Amino acid sequence: MNRKRTLEGVWLAWFCMFVFSNCLSSVQAQSAIRLEDITQTSGIDFKHFSGQSGENHIIETVTSGLATFDYDQDGWIDVYVLNGSPLHGKPFLAPPKNRLYQNVRGQFVDVTEQSGAGDLGFALGVAVGDFDNDGDPDLFISNFGPNVLLVNRGDGTFGRIEFPQKGAFPRVGAGVSLLDVDSDGNLDVYFSNYIKFSFEKKIKRLIYGIPAAPGPKDYDPDSDTLYRNMGDGSFEDVSESSGIASVAGPGMGVVAFDFDSDHDTDIFVCNDSSENFLFENKGNFKFEEIGLIAGVAYDVTGARQATMGVDVADFDGDGHLDIVTTNFIDEIPTLYRNSGKGYFDDIGPVVGLGAASRSLTWGVAFADFDLDQWPDLYIASGHLIDGISRVKDNETFAQPNHLFRNINGARFEEISSNSGTALKAIQVSRGVAVDDLDNDGDCDVVILNLNDKPQIVRNETDHKNLSLQVHLVGKTSNRDAVGAVIQVKVGDRTQVQEVISGRGYQSHFGSRMTFGCGASGTIESISVRWPGGNVQEFNGATAGERILLLEGEGQVTALP
Amino acid sequence: MRPKLLLTHVDSRVKALLIFCMVCLLGCSSSSPRGGSDDKIPSETSHAKPQSVPQDTGGGVGLSSSESGLGEATITSFTKSQASELQERENGDPIPARELLPPTTSLEMRQEAIALAETLVQGFPDNPDALEIKARFLMLFGEVRGAKSCWMEAVRLVPDYAYALHGLGKIAMLDSEYDKAIDYLSRSIPKQPGVAEPVHDLADAYTKLGRLDDALKTLKAFAEANAHSALTWLLLGQAAQTKQDFVQAEQAYRKALELSPGTSRAEQGLATVLMRLGKREEAKQRLEALRASQPSATNNRSPDQVFQDERKECSTRFHSVADFYASSGDLATATRVARRALALDPKNLKAKSTLSKLHLQNGRLPEAIALLKELRTDEPTNASWPFTLGVILVQNGDSKAAAEQYREVIRLAPQNPVGYEALTQLVLGQGNEVKQVIDIAEQLVALRGTAADHELLAQVYAITEDYRQAEKSLKEAIRRDPANPNYLQAMKQLQKVLGTKNE
């Protein structure tokens, strides 16, 4: 009898353990990365305005980007958000404007009025760079209408310069990129242009009775603009002579980087519903468009995608910068893997990005959120059509954003649903910027939402990993070192990043570069290839530091 | 010896219908409404996407093929058949013009289509085909959840219902639930052998899960079994390219181009892999040619043109409803719905063909004739139309016109015995000028040569008093069908005649 009871007890205990362990495993494990929504306490009270004419103009649906950068050089990353403006004569008592928020030790303060950075244009894209090499980062803003340069005077204020527009109609600016085309130490500027839009061309679209904005294919595409920095405070339009204007596409996000490691800067342009462009820098201020032959014009199926945002990173650790782009619903974000041989292969379908295809994606950013030395991916989503769910019951206007964790450079795993409060928000997102806003060594996120408040996201990942944050200063190169390529070897892994101005969805971020160092954090070496090709080695950096590397000087300067 | 006509004991309308159905093999497409023929690769702007996804989704601002403008009330001119229908009286009442007028806005069209689908399912609540049709309507209009419910119900009724499983697989793809999609699609495919779309979707699901080897295996097996499928070869090329197996990709792309020359996606894919294989010159040449031939990315389709395209898609679905009602025996509703399908798209040949069949079944020969004449104009190389017209003209007593149609059949399909047989029988039935069809009957025998064909030829010889030849032919018939009592009887009679002649 006793033996029987014992046996019964054993079986019962085993059964309970079996059931319990299954229950445990069925509870979703918390991801390693935690992104928490701190918008309410951030101090940023901005609300975006898209124009809201009530006439469903195409340009209202594609606003806007944003920038994170240290405008006052106090070591804290500030936030600059773009805004639309009233369209076509609509009256407005207090016109909306772009806004600048100063980061005061992790809290943000609106300094728009005193800084003079509150431009009133219909802003679409932005990039940051020190065009006059005076040590202060300036703002380049693309507008519907004249593009604008806000010159940072270094005293907390900005002066305004307008780029003259050619042609009879106001252009629709989109992504902006700063690059030193000829490595002369002066940052040139590339503006992508969207479409030839005019209010007079009235196009009304309905989706089964629901009003919708027209699409890019309803308009002729516009060619892009390249300005050469003459070094004396002026810019020359070299769009025609450079070959940039020889092609036209509905340009959106743009990123300038050295895709072929030939020590000059090339330009990738997202074109909406048309073949993307890759302008190869041929030297002498000449570019050749090679997107088709380089394998980045279309996706692997040969389809033109609604390419909107773009970012670059060496996601697989092979030393070459790869390209990720965001697209429309039912289009997987495209991941063009750089072969290192002058062409790319679209591997988006096989690396696990398929989950994002149920969203309409815009802003995109590579960032090593958990500092495990592999760049993860943040993607912002939001539909175009308010009321879409009345027509397609599996689509919504507001959509959740996506976080993909990079698994050892081989594939991505979506961890959005269990990575903190921020990703539970359902919003109509556009631009994304990733930067260390609280100076704790890891990357936080700012998301611009259409006609709504932005979302400020703090990275509160509980990890033991360290980072190395690097700020480069050029001397013979442009002061921001835009175009410099850094290799950081931590343990047996080498990470590569390039200093880029203008990326994501018509946004700017990452002037201060963050390298995850994992747990061990031994930095074996740092190598910088400055714009123009000079290579410099640096030693003595330690994980957990923020450092300054000055061109021509071998020492590493730790920053507070 | 009097010739015997076939099927004389069968009701003439049924006979006409049977022959109509039989000879649709003459020239009609063999494609099913769903599987379709994918011998050619769809055009540049028509990607191989799930049916529910608007083609050419395009713009960052959501311009899809399902969008419409305000849609002016444009009434296209009536076809002759429509005009005659307007005048026709059915049960004493004229056909309401609203049955012949298309909807004026896409919203109106959507409402009518959904109502039609609802009525169908209400009338046939446990019928998986009805549910499938409703699901397709709902998917067309973006009601994905509703479509899912219909397909789930269909599968509950018939667990291996292929179309519903395929539909559920498509929805799972839209929801990025690729494991689920694989399950549904894998179950659907064995029930639809030779149908490419679910195979392509399955490969797509494997690819999105990173299971490239499975995708390649799936596509390769189908491509080898269905070598004519250009789209399969194209997708195989893309899968191999994604896997970086550029050699296999090159082979597949070349095969796709062989079957569907000039297809831009195949050209682009081939050029891409040629670059990877170091064949740069050929790659560049192909890309330059491709770029030169690329259509403009600008879409200047007016809202009305967009609406016209929506109507065409909707018309296809209306037609499937008409088919359903027809096969259920509700000819009145089938006729009404077929009319609506035609109103939505006057160029929907399947709807026109179905409506003409329905007119036949309803005994409305003039209307059937009018539609068939239109079909002849729409598809001048399709021999089934003149054939069916011929059959109906015979019923209508117009043998001369019928003979002209049969001659047209022979001209269009000289290798098909049906036209020869029909003409021979017609002339034999008239009993006049039988000599004209001697060569026709001889060609029939040469093409097919069945016992019945030889017997028919024997009749022709007999009537033209060439009894030796008649005997020869009849012997051939008997040799092929020795137990046929009619042939034996006919031989006895013929031999009597020959005996008398000899005397």
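A residue counts as buried when its relative accessible area is under 20%, and as exposed when that area is over 50%. Keep in mind throughout that this is a predicted model.

**Stop 1: cysteines**

Select A:Cys270. Its relative accessible area is 0%, so this residue is buried. Next, pick B:Cys314. Is B:Cys314 buried or exposed? Its relative accessibility is 0% too, so B:Cys314 is buried. B:Cys314 takes part in no disulfide. The nearest cysteine sulfur belongs to B:Cys150, 15 Å away. How many disulfides does a search of the whole structure find? The count over all chains is 0.

**Stop 2: an aspartate in chain B**

Stay in chain B and select B:Asp175. This residue sits in the loop that links helix H6 (162-174) to helix H7 (178-188) of chain B. With 18% relative accessibility, B:Asp175 falls under the 20% limit and therefore counts as buried. Now show side chains. Which side chain makes a polar contact with that of B:Asp175? It is the side chain of B:Arg145, at 3.1 Å. Set aside the neighbours within four places in sequence, and B:Asp175 is in contact with B:Arg145 and with A:Arg358 of the other chain named here.

**Stop 3**

Move to chain A and select A:Thr63 and A:Ser64. The peptide bond from A:Thr63 to A:Ser64 is cis, and its omega is near -15°. A:Ser64 belongs to the loop between helix H3 (58-61) and strand E2 (66-69) of chain A.

Go on to A:Gln73, in the loop between E2 and strand E3 (78-81) of chain A. A:Gln73 is not a glycine, yet its phi is positive, at about 55°. Its relative accessibility is 42%, so A:Gln73 counts as partly exposed.

Then select A:Asn284. Here too a residue other than glycine has a positive phi, near 55°. A:Asn284 lies in the loop between strand E18 (277-283) and strand E19 (286-289) of chain A. Its relative accessible area is 75%, so A:Asn284 is exposed.

**Stop 4**

Switch to a cartoon view of chain A. Find the open sheet of 4 strands in the order E1-E32-E31-E30, paired antiparallel. Why is one side of E1 and of E30 left without a neighbour in the sheet? Strand E1 (35-37) and strand E30 (429-435) stand at the edges, so each has a single partner strand. Neighbouring strands in this sheet are turned by 25° against each other on average, direction ignored. Inside the sheet, E31 (residues 444-449) and E32 (residues 455-459) pair over 3 bridges. Select A:Val446 and look across to its bridge partner in E32, A:Ile456.

The next open sheet, also in chain A, has 4 strands in the order E24-E25-E27-E28, with antiparallel pairing. Its edge strands are E24 (361-367) and E28 (411-414), and each pairs on one side only. The twist from one strand to the next averages 25°. E27 (residues 402-407) and E28 pair over 4 bridges. One bridge links A:Ile407 to A:Arg411 of E28.

**Stop 3**

Finish at strand E34 (residues 485-490) of chain A. It runs antiparallel to strand E35 (residues 493-498), joined by 6 bridges. A:Ile486 stands opposite A:Gln497.

Note on methods. Residues are numbered from 1 along each chain as its sequence is written. Chains are lettered from A and ligands numbered from 1 in the order in which they are written. This is a predicted model: local features need pLDDT of at least 70, side-chain atom pairs count only at pLDDT 80 or more; totals for chains, interfaces and linings use all residues. Side-chain values use heavy atoms; hydrogens and water are left out. Two strands pair if DSSP finds at least two bridges between them. Helices (H or I, at least four residues) and strands (E, at least two) are DSSP runs, numbered from the N terminus. Axes are lines fitted to C-alpha atoms, for helices over the stretch in contact, and angles run from 0 to 180 degrees between N-to-C directions. A disulfide is a pair of cysteine sulfur atoms within 2.5 Å. Buried means under 20% relative accessible area, exposed over 50%, partly exposed in between (1.4 Å probe, protein chains only). A polar contact is a pair of N or O atoms within 3.5 Å; within protein, one must be able to donate a hydrogen and the other to accept it, and residues adjacent in sequence count only if both atoms are side-chain atoms. Contact means heavy atoms within 4.5 Å.
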